[in-house]
Amino acid sequence: LFLLLLGYVDVGLIPQGARDIVVKELKEAGNFLALRSEDPEKYYLNGNFIIQWNGEYMAGGTKFYYERKGNLENLTSPGPTKEPVWLQLLFQEQNPGIKYEYTIRNSTEKENEIGVPEYKWRHGAWTDCSATCGTGFQRQPVRCFETGIGVVEEKLCDSDSRPEARQRKCKNMDCPARWWVGGWQLCSATCGPSGVKKRT
């Protein structure tokens, strides 16, 4: 017997100092991603059963970009977070899965332990929209990451396996309408003083 608990459920804690945060649903579902602070009453996104629009939202002292297409959602942020942020899911139906990842600098060093560094390419967070109104573009650049450290010099990763950066259209809001003056029309008369010219 499957029992579905409706309402907000904790997915995980994004710690202070997290960078290149990516959260995405694996399949479409009628659930909603939510972000809140360590204070259970303080939500940054989709709290109190109020679903917000696509856009940029401040959470944990950094900017998150929230996108929902149909019933498929994702969250990205370059970070770093200034304080921990709880990732939650507002359950409405069965959850097909959520994937989230981030990088954080490892501040602890174990004595007499030498590990082999591991480098790999990863898509970072989406950039801001290139247009403040109307249609613009966003890029998701590719960066070289060292496991447990974060972004490092690109020459450390294998150039042959580097994936292409991604690009997508974006639109924060419609541009405001404005008046435009056209050119003068031809005179309504070919001769004499009774002719009229108009411009619209």
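The model is predicted, so local features need pLDDT of at least 70 and side-chain atom pairs count only at pLDDT 80 or more, while totals for chains, interfaces and linings use all residues. Residues are numbered from 1 along each chain as its sequence is written, and side-chain values use heavy atoms, with hydrogens and water left out.

## Disulfides

Let's start with the cysteines. A disulfide is a covalent bond between the sulfur atoms of two cysteines. Here, a pair of cysteine sulfur atoms within 2.5 Å is taken as one. How many disulfides does this rule give? The count comes to three, and here they are.

| Pair | S to S distance | Torsion about the S-S bond |
|---|---|---|
| Cys129 and Cys170 | 2.1 Å | about 90° |
| Cys133 and Cys175 | 2.1 Å | 90° |
| Cys144 and Cys157 | 2.1 Å | about 90° |

For the accessibility words, buried means under 20% relative accessible area, exposed means over 50%, and partly exposed is in between (1.4 Å probe, protein chains only).

A disulfide joins Cys129 to Cys170. This pair links distant parts of the chain, 41 residues apart: Cys129 sits in the loop between strand S10 (119-123) and strand S11 (135-140), and Cys170 in strand S14 (residues 166-171). Cys129 and Cys170 are both buried.

Next, Cys133 and Cys175 form a disulfide. Cys133 lies in the loop between S10 and S11 and Cys175 in the segment after S14, so this pair ties together parts that are 42 residues apart in sequence. Cys133 counts as partly exposed at 24% relative accessibility, and Cys175 is partly exposed too, with a relative accessible area of 41%.

Then there is the disulfide that joins Cys144 to Cys157. Here Cys144 is in strand S12 (residues 142-146) and Cys157 in the loop between strand S13 (150-151) and S14, 13 residues apart. Both of these cysteines, Cys144 and Cys157, are buried.

If you number the bonded cysteines of the protein in sequence order, the pairing reads 1-5, 2-6, 3-4.

Cys187 is partly exposed at 39% relative accessibility, whereas Cys191 is exposed, with a relative accessible area of 62%.

## Nonpolar cores

In soluble globular proteins, nonpolar side chains tend to be buried together. A nonpolar core is a set of buried Ala, Val, Leu, Ile, Met, Phe, Trp, Tyr and Cys residues joined through side-chain atoms within 4.5 Å. The largest one has 20 residues, and Val23, Leu33, Leu35, Leu75 and Leu87 have the most contacts inside it. The elements that give two or more residues to this core include strand S2 (19-25), strand S5 (55-59) and strand S6 (62-69). Which strand gives the most to this core? That is S8, with five residues.

Leu35 touches (contact means heavy atoms within 4.5 Å) a list of residues that includes Tyr43, Phe64, Leu75, Trp86 and Leu87, not counting residues up to four places away in sequence. A second, separate core of five residues includes Trp121, Cys144, Val152 and Cys157.

## The sheet

Two strands pair if DSSP finds at least two bridges between them. An open sheet of four strands runs in the order S1-S8-S3-S4, with antiparallel pairing. Strand S1 (7-14) and S4 stand at the edges with a single partner strand each, so one side of each is left without a neighbour in the sheet. S3 and S4 pair in the antiparallel sense over two bridges, and the bridge partner of Arg36 in S4 is Tyr43.

## Aromatic pairs

Rings of Phe, Tyr and Trp (its six-membered ring) pair if their centres lie within 6.5 Å; planes under 30 degrees apart count as stacked, over 60 as edge-to-face and the rest as tilted. The structure holds two such pairs. Tyr8 and Tyr43 form a tilted one, 5.1 Å centre to centre with 45° between the planes. Tyr8 lies in strand S1 and Tyr43 in strand S4, so the pair ties together parts that are 35 residues apart in sequence. Tyr8 and Phe49 form an edge-to-face pair, 5.1 Å centre to centre with 65° between the planes. Phe49 counts as exposed at 59% relative accessibility. Tyr8, Tyr43 and Phe49 form one aromatic cluster.
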